[in-house]
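Good morning, everyone. Please bring up the sequence and the model, and we will walk through them together.

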Amino acid sequence: MRRNVMLIEDEPNITEAIRFLLTRDGWDVQTHADGNSAVDAVTRVLPDLLILDVMLPGKSGMDILRDLRGRPETESLPVLMLTARGQSRDRDMAEKAGVNRFMTKPFSNAEVLDAVRDLVPSPT
Amino acid sequence: MSRDTLTGSRIRERRQIVGLKQADLARRVGVSPSYLNLIEHNRRRIGGKLLADIAETLGVDHAMLSEGAEAALVATLREAAVEAGPIAVETDRAEEFAGRFPGWAEVLGAAHRRILALERTVETLSDRLAHDPNLAGSLHEVLSTAAAIRSTASILAEPGEIEPAWRDRFHRNLNEDSQRLADSSKALVEYLDEHDGAEDRRTAPREEVDLFMETAGYRFPTLEQPGGSIDAVVQDARHLTSRAAREIAAAVLEGYVEDAAAMPLDRCAEAIDELGLDPAGMAQRFGVPLHTVLRRLAVLPPDIVGCEIGLVICDPAGTILVRKQVAGFAMPRFGAPCPLWPLFSALSRPHHPIRRRVVQQGRDAVRFDCLSLSYPALNVDFDHDPLWHAIMLILPEQAVPLPREGSQRLGEVGSTCRICSRRSCPARREPSILDEGF
């Protein structure tokens, strides 16, 4: 059974590249670009992994993460956060909000794949 | 005002410290009390033998009187001592140092101010990187585009075949993103150029305005004449190097022009001749608010008001908007001032004039009468909280006659906590270096 990843990212070309990368790696990829409706989308799909950008139109990635951690169905959902802001303060905020992995742009494809495989290991 | 024009004020301060009456000092140095009075109010220049005789009688080096150990300079030296960290500085001898080696003291003070200004520039730039929404947005755009390019290019560079549809799409994306990166990089550079390029950012804008006002002696005679141009004054001011400083200075000068129009110099001189320094009486005579009178009095020539007058104006956050130094009343250049200044009492009692006699601690402690008032800085309107400003005039003791002499309790105030020696002060925010073994 293919594992399911949801990518919430408002840069269409990043979305396209990551979609290609993960699809080729055996994932079902669903994408979403709007911060305000992101929580609804995640709770509806309940993916195996969420890749979440920090700066989104509407609700920020940080607020989306806090919201998801307050819901029983998503409180332990693995989340990889992508951000262009690498300051330690943002990293601290993300960790307090319950992020599993934090990655700063521009990242390499190998880093993304390693993180995704690490957060959701293949069933053996 | 240049330092030597304050010699009379220093003589007066020193005479009061040693407890000598004006008439007694005059008799000992062989001049009339009225002539000494003119000297003490800086209306007569003094030098040579008479200055040497007065200095000897008052027990100070004549350089202390002619060049002066300015309170502000001493305060700056003490601030420098704080920043020196664990070095044991003889802080209690700062005034002596400034008096004996005025040149070196100025060098040290200027170096300290320069360090503070540079530190503030670094703070400002760091703050901009962290909080400037334009800068953050531009950087986010650049980094996101770079991420898209890196990711897409990596896919294309991988060995093996990619479906032609995907390959074409990625090529198109690369082209779009490279154009976006070029545009966003250019916008970022333009933004940084606009804010940093031509302006000297060595000091904060308000620092530049302080220096500009101080250099002008807080007086702008051309603006008191018909046709005086604020723009011309601002453009000619070499200390106003940043656009922000020029805007602040222009706003300050607009207030100056309004005050001068409401209270012309010649009519002020007449009023003071007739009423003495009576701010309330002058407010009635000119039909202006009391705070306008206080602001105007502070910038009138000393030969009209009869003394040097200091001025502070702050906003409700306690930030000093205008400062006019006066010898003997130290004001911190950076950081928060003493919360016991009557200026801040006025903020909690809007429209209520407050008179306080205060003294700052120190060997050359001089008493001042402070007149404070808070007032709405903008037009008051329904549904909008008024923005209050507070103003404080700092006058020599008894410059404004009290209703009943002796009715004023003497309040001890400081400059700023770090260099204040009042151990039991209830308003203390942080320990003083004077309690740390210096």
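Let me start with one pair of residues. In β6(B), Gln360(B) has Val413(B) as its bridge partner.

Some ground rules. This is a predicted model, so local features need pLDDT of at least 70, side-chain atom pairs count only at pLDDT 80 or more, and totals for chains, interfaces and linings use all residues. Residues are numbered from 1 along each chain as its sequence is written, and chains are lettered from A and ligands numbered from 1 in the order in which they are written.

Back to that pair. Strand β3(B) and strand β6 (residues 410–413) of chain B run parallel, joined by four bridges. Arg357(B) also has a partner in β6(B), namely Leu410(B). Two strands count as paired if DSSP finds at least two bridges between them.

What does β3(B) do with β4(B)? Strand β3 (residues 354–360) and strand β4 (residues 367–376) of chain B pair in the antiparallel sense, over six bridges. Look at Ile354(B): Ser372(B) in β4(B) stands opposite.

Now the whole sheet. Six strands make an open sheet in chain B, in the order β2-β1-β5-β4-β3-β6, and the pairing is mixed. At the edges stand β2 (320–324) and β6 of chain B; each has a single partner strand, so one side of each is left without a neighbour in the sheet. On average, neighbouring strands of this sheet are turned by 25 degrees against each other, direction ignored. For angles, axes are lines fitted to C-alpha atoms, for helices over the stretch in contact, and values run from 0 to 180 degrees between N-to-C directions.

Next, chain B overall. Its secondary structure comes to 18 helices and six strands. Of its 438 residues, 34% are buried. Buried means that 20 or more other C-beta atoms lie within 10 Å of the residue's own; exposed means 12 or fewer, partly exposed is in between, and C-beta atoms are placed from the backbone.

One helix to look at is α16 (residues 290–299) of chain B: nine of its 10 residues are buried. Among them are His291(B), Arg295(B) and Arg296(B).

On to the cores. A nonpolar core is a set of buried Ala, Val, Leu, Ile, Met, Phe, Trp, Tyr and Cys residues joined through C-beta atoms within 7 Å. Which residues have the most contacts inside the largest one? They are Ile309(B), Met392(B), Leu393(B) and Ile394(B), in a core of 65 residues. Domain 2 (75–126) and domain 4 (308–435) of chain B both give residues to this core, so it lies between them. Those domain bounds come from an automatic or database domain assignment.

Take Ile394(B). Leaving aside neighbours within four places in sequence, its contacts include Ile309(B), Val326(B) and Phe368(B). Contact means that two C-beta atoms, placed from the backbone, lie within 7 Å. Apart from this core lies another, of 41 residues, including Ile14(A) and Val42(A).

That brings us to chain A. Along the sequence, chain A reads β-α-β-α-β-α-β-α-β-α. Of its 124 residues, 40% count as buried. Its five-stranded open sheet has the order β2-β1-β3-β4-β5, with parallel pairing. Here β2 (27–32) and β5 (101–104) of chain A are at the edges, each with a single partner strand, so one side of each is left without a neighbour in the sheet. Neighbouring strands are turned by 20 degrees on average, direction ignored.

Strand β4 (residues 79–83) of chain A joins β5(A) through four bridges. Met81(A) faces Phe102(A) there. Helix α2 (residues 38–45) of chain A packs on the sheet, touching β1 (3–8), β2 and β3 (49–53), at about 175 degrees to β1(A). Helix α3 (residues 61–69) of chain A lies across β3 and β4 of chain A, at about 150 degrees to β3(A).

Last, where the chains meet. How many residues does each chain give to the contact? Chain B gives 18 residues and chain A gives 16 residues. On the chain B side, α9(B) supplies the largest share, 12 residues.

That is the tour. Thank you.

Methods: Helix = DSSP H or I, 4+ residues; strand = E, 2+ residues; numbered from the N terminus.
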